[in-house]
Structures are given as structure tokens and as C-alpha cells.
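Subject: Structure for you to look at

Hello,

Here is the structure we spoke about, with its sequence.

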Amino acid sequence: MSKKPVIGISTSVIIDNTKGFLGYEKVYVNKDYVDAVIQNGGIPLMIPFSEDEKVIESQVELVDAVILSGGHDVFPAHYNREPQPKLGDVFPERDKYDFKILECAKKRKIPILGICRGMQIINVYEGGTLYQDLSYIGRDVLKHVQGGKPYMRTHYIEIDTESILGKIFSENRFMVNSFHHQAIENIGKDLKVIANASDGIIEAVEHKNYPFLVGVQWHPEMLFKKYEPMNKLFERLINESKK
Ligand code: MN
């Protein structure tokens, strides 16, 4: 394929708080997802949030791969749990939108990359569960909500060398950024853990029998400008989309 692959990026809704449009709803995604796709040879296309499943289905037909972007905590009822006090803001309608994107993308067997919430959505979709806050794990863990700049790398991860990520990165232990107060508890049925932090927190997953379905708990799109190897992840996603 000589044409550059089109990479669909899931979006969220933000309430405008500027004068004049106070309370207005806007569909958005952080610009660094867009930049990361362009930088690595893809054509980014936002998939605007909607609750219309038929529309979502048609949107996914337009793209060669999808990135499930970050955002709200997953609504606990979607993994059969009641909300605990430290649960963050939720957006159940967006969960359903993301689940629909996943369902349609899987039907088409196109590459899927979940980032942060995107990885958690993949896990819940595949039947897994989440810790609603890291404090509920019941043991000491690292600081996973880092202070400082988004492009700072603050904790190490160790990657399974036999995994997709193991083949993408030349090193199997390196530092990443960290902006999550939740984590995977039970792993989804057809998923496999492929990276952990030194405290055991799950930092990446892949699907056991799908061509390319990867979830990462960190934010590669916030890193690629300052940390060159992170481009390889987007490059691989985009190359997979050409198949
Ligand atoms: Mn982390």
C-alpha cells in the first residue's frame, strides 16, 4: 500500500469553561496523539465521541488501525463492581463508545493500541477487572501518579522479551512516565501481561491470539519527542496497519 495508513484515535468530551461558551461540550483528544501518528508515518483521524453505535461502526470502517486514548476511570459496573470512595471521575457513555470501537476494530482484525485508560478498557472488554485506586491493592507500591512534566520518565518497567513489545524495543528494561491511579487487577481472559513495574503493577498487555492488540499503561505519546525509542511503538502500529 503506497497510501499512508489512517489511524483512528478515540476522543473524549470536555466542557468549555471559557467566557462566551461556558458549559459547551467539545469533542477532543490531546494533540500529542495526533503528532505521534504523523511523526511516524500515519494519517491521524479523530473518531468523535457519540452514543450512536451504527455511526461508530461506520467510523471504524474508515480507518486502518485504532488508538484508544487516555481519560476517565472505567465505570466499575462495567466489570461488575460497586464504586469505591477513591474512584475518580467516570464517563460510562464513553466506556460504551470505546467498547464499540474495540468490537468493530476486532471484527476487522485491524491493529489496536490502548494507552493508559485505553489499556484498562481493553482489559475490561476482555473480562478483566481493575483496582479502583492503587491504595486498594493492600501493599506498598511505587508512585504511579508522577509529579512533574508529562515527558519525564519516573519508574522502570520490565518487558517480556518474547512479547510484541519485547520485539519492538531494543532494551527490555527502561523508564516510562506514569499517570494512573488505577491498575489492572485480574487480567482479561485472552490477554497476557507483557510488562510490569518493579512493584508488580501491570504496565502492558497483549492479546494472545490477535495480530496486533497491545495496551500500555504509560503514555508513549507524551514521550516520543524527548525519548526517541518510543517512536518505535507508533512506527510498528502504523507498519502493521499496512498489512
Ligand atoms: Mn506506572
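Two strands are taken as paired if DSSP finds at least two bridges between them. Please keep in mind that this is a predicted model.

The bridges around β11

In β11, A195 is the bridge partner of I159. The strands concerned are β8 (residues 155-159) and β11 (residues 191-197), which pair in the antiparallel sense over three bridges. β11 also pairs with β12 (residues 202-207), again in the antiparallel sense, over five bridges. Here K192 has E206 in β12 as its bridge partner. The hairpin of β11 and β12 has four residues between the strands, and G200 in this hairpin takes a positive phi near 90°.

The sheet as a whole

These strands belong to an open sheet of nine strands with mixed pairing, in the order β4-β1-β5-β6-β13-β12-β11-β8-β9. β4 (43-47) and β9 (173-176) are at the edges; each has a single partner strand, so one side of each is left without a neighbour in the sheet. From one strand to the next, the twist averages 25°.

Elsewhere in the sheet, β6 (residues 112-115) and β13 (residues 213-216) run parallel and are joined by four bridges. The bridge partner of I115 in β13 is V216.

Helices on the sheet

Helix α4 (residues 117-125) lies across β5 (65-68), β6, β11, β12 and β13, and runs at about 115° to β6. Helix α6 (residues 231-240) also packs on the sheet, where it touches β1 (6-10), β5, β6 and β13. The direction of α6 makes about 150° with that of β6.

The manganese ion

Which protein atoms are the donors of the manganese ion? They are ND1 of H144, NE2 of H155, OG of S178, NE2 of H180 and OE of E203, lying 2.2 to 2.3 Å from the ion. Along the chain the donors follow the spacing H-x10-H-x22-S-x1-H-x22-E.

The largest pocket

The largest pocket has a volume of about 210 Å³. It is lined by 14 residues, and the closest to its centre are G71, C116, F179, H180 and H219. By type, the lining divides into four nonpolar, eight polar and two charged residues.

Regards

Methods:
Residues numbered from 1 in each chain as written. Predicted model: local features only at pLDDT ≥ 70, side-chain atom pairs only at ≥ 80, totals over all residues. Heavy atoms only, no water. Helix = DSSP H or I, 4+ residues; strand = E, 2+ residues; numbered from the N terminus. Axes fitted to C-alpha atoms, helices over the stretch in contact; angles between N-to-C directions. Contact = heavy atoms within 4.5 Å. 1 Å grid on protein atoms, 1.4 Å probe; cavity = no way out; pocket = protein on both sides within 12 Å on 5 of 7 lines; lining within 4 Å. Points joined across faces, edges and corners; volume = space filled by probe spheres on them. Nonpolar A, V, L, I, M, F, W, Y, C, P; charged D, E, K, R; others polar. Donors = N, O, S within 2.8 Å, 3.2 Å for Na, K, Ca; no water.
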